Amino acid sequence: MRNLWEEVGEVYSLCRFKGDLSKTAELARTESWGILIDPYIWKDKEDGNGYTTKAVLFRVKNVSNGEYHNVLIGLNPKDGKFHIWCGDSYCQELGYEESQCWFWRNYAKGEPHCKHTALVLQFIDANPEMKKEIERLLLGKDSTFAAGIQGKLRLALKKAKSIL
């Protein structure tokens, strides 16, 4: 089975280390929590192109000032790995407005963390069913089963000289 935390674990570790988890009391979940966006247009920072993939939206509200932030977990279409990020222009085009977040400033320094991603990761960590739901939404209905079959086929192909 795929381990979500191996792929977004660095962000969660930074959220813990930088104290973002202690700031989650300032935030609230909204009605837009765990919504699949399919298709989602992934903007590649290297080549500037947009690639079609899937993402799950978690809309976060700052209680004190009423500002909204879009946190997404999505599949990078180039490497197939899970990524989490806060701040997204594509979601704004879909009507999910948001305020500026420190996330991208931190991301530019190689430290992709903020209290908004911390809230989402903390929630998922405390709710294993949400983790399963994200995997189901992003990887497909029977992702664990399909991955097991693919692994067995790969192993059989390596060992066998020919398969009829």
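**Entry 1: N62**

I began with N62, which is found in strand β2; I take helices (H or I, at least four residues) and strands (E, at least two) as DSSP runs, numbered from the N terminus. This is a predicted model, in which local features need pLDDT of at least 70 and side-chain atom pairs count only at pLDDT 80 or more, while totals for chains, interfaces and linings use all residues. Residues are numbered from 1 along each chain as its sequence is written, and side-chain values use heavy atoms, with hydrogens and water left out.

The side chains of N62 and H116 are joined by a polar contact of 3.3 Å. A polar contact is a pair of N or O atoms within 3.5 Å; within protein, one must be able to donate a hydrogen and the other to accept it, and residues adjacent in sequence count only if both atoms are side-chain atoms.

**Entry 2: T24**

I looked up T24 next, and found this residue in the loop between α1 and β1. T24 is buried, at a relative accessible area of 10%. Its side chain makes a polar contact of 3.2 Å with that of Q122, and, beyond its neighbours within four places in sequence, T24 is in contact with K115, A118, L119 and Q122.

**Entry 3: strands β1 and β2**

How many bridges join β1 to β2? I noted 11 bridges, and the two strands run antiparallel; strands pair if DSSP finds at least two bridges between them. One bridge I followed goes from K43 to its partner G50 in β2. The hairpin of these strands has 6 residues between them, and there G48 takes a positive phi near 80 degrees. In strand β1 I also checked P39, and the peptide bond that leads from D38 to P39 is cis, with omega near 10 degrees. As background, I wrote down that most residues other than glycine have a negative phi, and that most peptide bonds are trans.

**Entry 4: the nonpolar cores**

Which residues have the most contacts inside the largest nonpolar core? They are W33, F58, I73, I84, V120, I124 and I134, in a core of 29 residues; such a core is a set of buried Ala, Val, Leu, Ile, Met, Phe, Trp, Tyr and Cys residues joined through side-chain atoms within 4.5 Å. Two or more residues each come from α1 (4-17), β1 (27-43), β2 (50-62), β3 (68-75), β4 (82-86), α4 (115-126) and α5 (128-139), and α4 gives the largest share, 6 residues. Apart from this core lies another, of 9 residues, which includes I37, L57, W85 and C91.

**Entry 5: aromatic pairs**

I searched the whole structure for aromatic pairs and found 5; rings of Phe, Tyr and Trp (its six-membered ring) pair if their centres lie within 6.5 Å, and planes under 30 degrees apart count as stacked, over 60 as edge-to-face and the rest as tilted. The pair of W33 and F58 is edge-to-face, because the ring centres are 5.1 Å apart and the planes stand at 80 degrees. W33 lies in strand β1 and F58 in strand β2, so this pair ties together parts that are 25 residues apart in sequence. W33 is buried at 13%, and F58 is buried at 0%.

I then turned to Y40 and Y90, whose ring centres are 5.1 Å apart and whose planes are at 85 degrees, so this pair too is edge-to-face. Y40 lies in strand β1 and Y90 in helix α2 (residues 89-93), so the pair links distant parts of the chain, 50 residues apart. Both count as buried, Y40 at 3% relative accessibility and Y90 at 18%. Ring pairs link Y40, W42, W85 and Y90 into a cluster.

**Entry 6: cysteines**

Last, I looked for disulfides, each a pair of cysteine sulfur atoms within 2.5 Å, and the count by this rule is 0. C86 is buried at 0% relative accessible area, and C91 counts as buried at 0% relative accessibility.

Notes:
Buried < 20%, exposed > 50% of the residue type's maximum accessible area, 1.4 Å probe, protein only. Contact = heavy atoms within 4.5 Å.
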